[in-house]
Amino acid sequence: MRVGCDARARGYGRSVDVAGAPASLWDGHVVLLSRSDREHDASLAAWIRRGLERDEKVILTRRPGGPEDQIQPLFADVGMDPMQEGRAGQLESLPPAEFYSPRGQDEVISRALAEGFSGVRLSAQASAALSIMSELEYLAAEQAMDRHCRSGSVSVMCGYTRPIPPEQPLRDTLATHSEGVRAVGFTSLRGATGVRLYGEVDLVTCDVLAAALDAAVRTRTAGHELVLDLSGLDFIDVAGARILLRATADFRAAGGRLVLERVQHPVARALRLLDIDRAPGLRLVEEQA
């Protein structure tokens, strides 16, 4: 991942180019948090390119008020020719009412697999879904898509505009996405033993870290271990360090153990200066040279 040199000029601190992240981060059920259409479209292009290269069917839904024909521009964004052999029908745009069918995504997914594609990718913005359904109906749709993604042949990326004002909706949103969050500045990936973090944690992204940790500790019981792989985390500030402790406080107080694993040297030094490594129930393991 590349640290953006123009982030301060945009007015919100450091930035990580998520579109340049490892390709595998775009698989599974992920939530994309973006502050502008430009951020959203750059990440969407990386996600689409991953699907096209893997011979997957890519199905999008239109934004409210967006153009009906967005296929040609999207192929241009990912640098691929829609007339190339094997590309016909691989990228499709559906209106929200068809994408969010009352029967769910089962029919859309089954039809795409029946066309012979190796897998299916679905992407929509939350605003598109909420233009035709209630928040409770949307939550049920998200939970259903999370179950589809566990099959291994389906990937779903749900777009949200930041900031999501209240804290709890953000936590509820991330809890329904089994593969974590993608945002400019910060990315998390859930695994069997814990969470892998990429990018930087500061005042801009610490709310996302808090929500990601909250979702992770919900799956752990007292006495269990939660591992945070920090090998991809390049920076953390005081606010981020405090979130590490605050978001896991109840988990650790109940006997859980938080392990900060493969911590990069600059990050480890910052955490030790803040005495994070001395917190009860926490162990810091620095990355080996």
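**Entry 1: the sheet**

Two strands count as paired if DSSP finds at least two bridges between them. Helices (H or I, at least four residues) and strands (E, at least two) are DSSP runs, numbered from the N terminus. With that in hand, I looked up β8 (residues 181-183) and β9 (residues 186-190), and they pair in the antiparallel sense over two bridges. Ala183 has Phe186 as its bridge partner in β9.

A note on what I am reading: this is a predicted model, where local features need pLDDT of at least 70, side-chain atom pairs count only at pLDDT 80 or more, and totals for chains, interfaces and linings use all residues. Residues are numbered from 1 along each chain as its sequence is written, and side-chain values use heavy atoms, with hydrogens and water left out.

A reminder to myself: strands of a sheet pair through backbone hydrogen bonds, either parallel or antiparallel.

**Entry 2: strand β6**

Is β6 enclosed or open to the outside? I use buried for under 20% relative accessible area, exposed for over 50%, and partly exposed for in between (1.4 Å probe, protein chains only). Six of the six residues of β6 (residues 120-125) are buried, so the strand is largely enclosed by the rest of the structure. Val120, Leu122 and Ala124 point one way, while Arg121, Ser123 and Gln125 point the other way.

I then followed the pairing of β6. With β4 (residues 57-61) it is parallel over four bridges, and Lys57 stands opposite Val120. With β7 (residues 154-161) it is parallel too, joined by six bridges, and there Ser155 is the bridge partner of Arg121.

**Entry 3: helix α7**

I checked the length of α7 (135-149). It has 15 residues and reaches 21 Å from its first C-alpha to its last, close to the 21 Å expected at 1.5 Å a residue; the expected span is 1.5 Å times one less than the number of residues.

Which residues of α7 are buried? They are Tyr138, Ala141, Glu142, Met145, Asp146 and Cys149. They cover an arc of only 145° around the axis, which puts them on the same side of α7; the arc is that of the directions from the helix axis to the C-beta atoms. These buried residues pack against β3 (29-34), α6 and β7. The face turned away from the buried side carries the exposed residues Leu136 and Arg147.

**Entry 4: cysteines**

Cys149 is buried at 9% relative accessibility, and Cys158 is buried at 2%.

**Entry 5: helix α12**

In α12 (residues 265-273) I found Val267, Ala268 and Leu271 buried. They cover an arc of only 100° around the axis, which puts them on the same side of α12. They pack against β11 (225-236), α10 (238-247), β12 (257-263) and β13 (282-286). On the face turned away from them sit the exposed residues Arg269 and Leu273. Just after α12, Asp275 takes a positive phi of about 60°.

**Entry 6: two loop residues**

Ile132 lies in the loop between α6 (126-130) and α7 and is partly exposed at 42%. It touches Pro96, Ala97 and Tyr100, not counting residues up to four places away in sequence. Ile132 and Ala97 are 35 residues apart along the chain, with 7.0 Å between their C-alpha atoms.

Thr193 is in the loop between β9 and β10 (194-201), and I noted it as exposed at 51%. The C-alpha atoms of Thr193 and His224 are separated by 9.7 Å.

Terms used
Contact = heavy atoms within 4.5 Å.
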